[in-house]
Amino acid sequence: MKYIIVGCGRVGSELAYTLFTKGHTVAIIDHLASAFNNLHPEFRGRMIEGEALNKDVLLRAGIETADGLATVTNSDTLNSVVAHIGRTAYHIPRVVVRNYDPDWRPLHEIFEHQIVSSSSWGAQRIEEMLAHPDMHTIYSAGNGEVEIYQFIVSHKFDGKKLGDIIPNSNCSPVSLTRAGKAILPDCNTIVHENDIVLVSAILEGIQALRQQLI
Amino acid sequence: MFVVIVGGGRTGTQLASILILQKHQVHIIERRPDVLARIHRELPTEIIYEGNYSDPLVLEQAGVKNADVVAACTVNDADNLAVCFLARRRYNTPRTIARVNNPRNAWLFDEKFHVDVALNNAEIMARMIEEEMSMGDMITLLKLRRGDYSLVEEKVPPKAKLIGMAIKDLALPEECVIAAIIRHGKVVVPRGITVFEEGDEVLAITSHDGAIQLMDLFSPPNPV
């Protein structure tokens, strides 16, 4: 696959090397030649120095035939605008935008881009690990609006119905694993101590569940 | 008209001042604290809105929902494009105007980002300078519609080709019309049969190409 990355900072250089090691063709654009020093010494790909809004620069990077585009600079407007060009003017099938500053997220939503908000996602993870070590996220859908959490049933809930533990709104059971065997539970499933339960929930649901588990 | 200006740099501030003088309602949005400090000295405080223009709350406080025009005047082309896109997509703003900072980015300032009018400073300047250099004795009185058309004036010199010719015989291009002739201090309303005389001051509305053809008629006939 042929990928274009806009922005050769920490995210861009890391992404470029990852794609390269998986055998893809990578072109990376940055307006500062010195930014290419961030790349892994073993990275082999095209480095294009220039402004990403300049058509010649985009054409040199191969935007007409690219399979994917990632805009990962530290400017949210630039990321959004270049991604919009990729999607509408060049019909690139896969375009992903980095949301750098959480304040700018509404902009990406208006453009209807696929975004990765590493700052807000990271802060959310860290908060969980600090405050709720007993419960952790297995999977985040979107940018963490819906997440799948895992918790281990404590002694206090042994023999109770799952429906008595998890809140009945904003939260649904996903699986229950007992002695290495998983089943699809419902609210009437009886839980035992040390069962591993996965639930899918939005923030409100998970806050209610945390209250319950304390 | 109600105009929301995004970007309080020199261009945005100047635009706001001119529009206020013309009795338009203006709100201006800026997020850089140092720039805000300056514009608070130059513009009435009640029209200045502080904050990030990707934030719907800031935009709505500035009244973008009711704006007739949103003018994106920041020094960042990506910001200007994003502002126009947002204004139309989210608020259905009837008219969007954006400043082009880098002429190489001009290709983006169209319906791709819902930009109705792109103002490319560098290009307008370059064109005006070029016209001033090439126009000889022709004087540009007024630029119309971003400089595509102009009101020009030139005095008919002795031996000009058009002396003794009627307007209908000039074979003027479509994008050039004679608007008025000033003869002995009086305005002559031009008709097809009006014949030019030496010393006439000719006013014409014309495109750049039309002006070049018109200029040729003011020069002496080519030696045969």
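Chain A divides into domain 1 (2-117) and domain 2 (125-213); the bounds come from an automatic or database domain assignment. This is a predicted model, in which local features need pLDDT of at least 70, side-chain atom pairs count only at pLDDT 80 or more, and totals for chains, interfaces and linings use all residues. Residues are numbered from 1 along each chain as its sequence is written, and chains are lettered from A and ligands numbered from 1 in the order in which they are written.

In chain A, the C-alpha centres of domain 1 and domain 2 lie 37 Å apart. Chain B splits into domain 1 (2-122) and domain 2 (130-218). The C-alpha centres of those two domains of chain B are separated by 38 Å.

Now take the sheet of chain B. Six strands form an open sheet, ordered S3-S2-S1-S4-S5-S6, with parallel pairing. Strands are DSSP runs of E with at least two residues, helices are runs of H or I with at least four, and both are numbered from the N terminus. Two strands pair if DSSP finds at least two bridges between them. Strand S3 (48-50) and strand S6 (117-120) of chain B stand at the edges with a single partner strand each, so one side of each has no neighbour in the sheet. On average, neighbouring strands of this sheet are turned by 20° against each other, direction ignored. Axes are lines fitted to C-alpha atoms, for helices over the stretch in contact, and angles run from 0 to 180 degrees between N-to-C directions.

Within the sheet, S1 (residues 2-6) and S4 (residues 69-72) of chain B run parallel, joined by four bridges. Val3(B) stands opposite Val69(B) in S4(B). Helix H4 of chain B packs on the sheet, touching S1, S4 and S5 of chain B, and its direction makes about 175° with that of S5(B).

What lies in the largest nonpolar core? It holds 73 residues, and Ile4(A), Ile5(A), Ile5(B), Val70(B), Leu81(B) and Cys84(B) touch the most other members. H4 (residues 77-91) of chain B gives the most to this core, eight residues. Such a core is a set of buried Ala, Val, Leu, Ile, Met, Phe, Trp, Tyr and Cys residues joined through C-beta atoms within 7 Å. Buried means that 20 or more other C-beta atoms lie within 10 Å of the residue's own, with C-beta atoms placed from the backbone. A second, separate core of 14 residues includes Leu162(A), Ile165(A), Ile166(A) and Val197(A).

How values were computed: Buried ≥ 20, exposed ≤ 12 C-beta atoms within 10 Å, placed from the backbone. Contact = placed C-beta atoms within 7 Å.
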